[in-house]
Amino acid sequence: MNKRVVIVSAVRTPIGSFMGGLSTVPAPKLGAAAIKGALSKINLDPKLVDEVFMGNVIQAGVGQAPARQAALFAGLSEEVVCYNSKQSMCIWNESRNVCCPSNRMRRR
């Protein structure tokens with residue numbers, strides 16, 4: 001079956017700089033803010049989220065499974081499946097976080 005996949009909401013975290021204003025905010029907390037923002041833009045109940053795909057280019061010091069951490073900080077269920085993409089090229093990372101979920105949903 002060929003399913004049509006659409007993006008219904010998109011947000012991103014602010015872009016910081018080394019030792020800048022966001023340096024004290026852990027990446028999973030920024031990710032949680034992005035998840036909450038995406039859900040609130042379309043008034044989607046967090047209980048309806050099945051999967052989270054997140055990219056995080058520099059992962060030093062963020063701990064294990066930053067996508068899982070972000071999902072939990074955003075108030076999503078522990079049942080939500082989380083994927084973390086950690087490619088070093090930002091453009092590839094962003095593209096991958098659109099293409100991979102789309103391909104997974106089409107195969108369901």
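Colleague: Which residues have the most contacts inside the largest nonpolar core?

Modeller: This is a predicted model, in which local features need pLDDT of at least 70, side-chain atom pairs count only at pLDDT 80 or more, and totals for chains, interfaces and linings use all residues. Residues are numbered from 1 along each chain as its sequence is written, and side-chain values use heavy atoms, with hydrogens and water left out. A nonpolar core is a set of buried Ala, Val, Leu, Ile, Met, Phe, Trp, Tyr and Cys residues joined through side-chain atoms within 4.5 Å, where buried means under 20% relative accessible area, exposed over 50% and partly exposed in between (1.4 Å probe, protein chains only). The largest such core has 13 residues, and those with the most contacts inside it are Ile35, Val52 and Leu76.

Colleague: Which elements give two or more residues to this core?

Modeller: Elements are DSSP runs numbered from the N terminus, helices being H or I with at least four residues and strands E with at least two. From the N terminus on, their order is α-β-α-β-α. Those that give two or more residues to the core are helix 1 (27-41), strand 1 (51-55) and helix 2 (66-73).

Colleague: Which residues does Leu76 touch, not counting those up to four places away in sequence?

Modeller: Contact here means heavy atoms within 4.5 Å. Leu76 belongs to the core residues with the most contacts inside it. With that sequence limit, its partners are Ile35, Leu39, Pro46, Val49, Val52 and Ala71.

Colleague: Is Asn43 buried or exposed?

Modeller: Asn43 is placed in the loop between helix 1 and strand 1. Its phi is positive, about 55 degrees, although Asn43 is not a glycine. Most residues other than glycine have a negative phi. With a relative accessible area of 70%, Asn43 is exposed.

Colleague: What is the relative accessibility of Ala65?

Modeller: Ala65 lies in the loop between strand 1 and helix 2. Ala65, too, is not a glycine and has a positive phi, of about 50 degrees. Ala65 counts as partly exposed, and its relative accessibility is 44%.

Colleague: Which element has the lowest mean pLDDT?

Modeller: pLDDT is the predictor's confidence in each residue, from 0 to 100. The protein averages 80, and 75% of the residues score at least 70. Where pLDDT is low, the predicted coordinates should not be read in detail. Helix 2 has the highest mean among the elements, 94, and the lowest, 60, belongs to helix 3 (residues 90-107).
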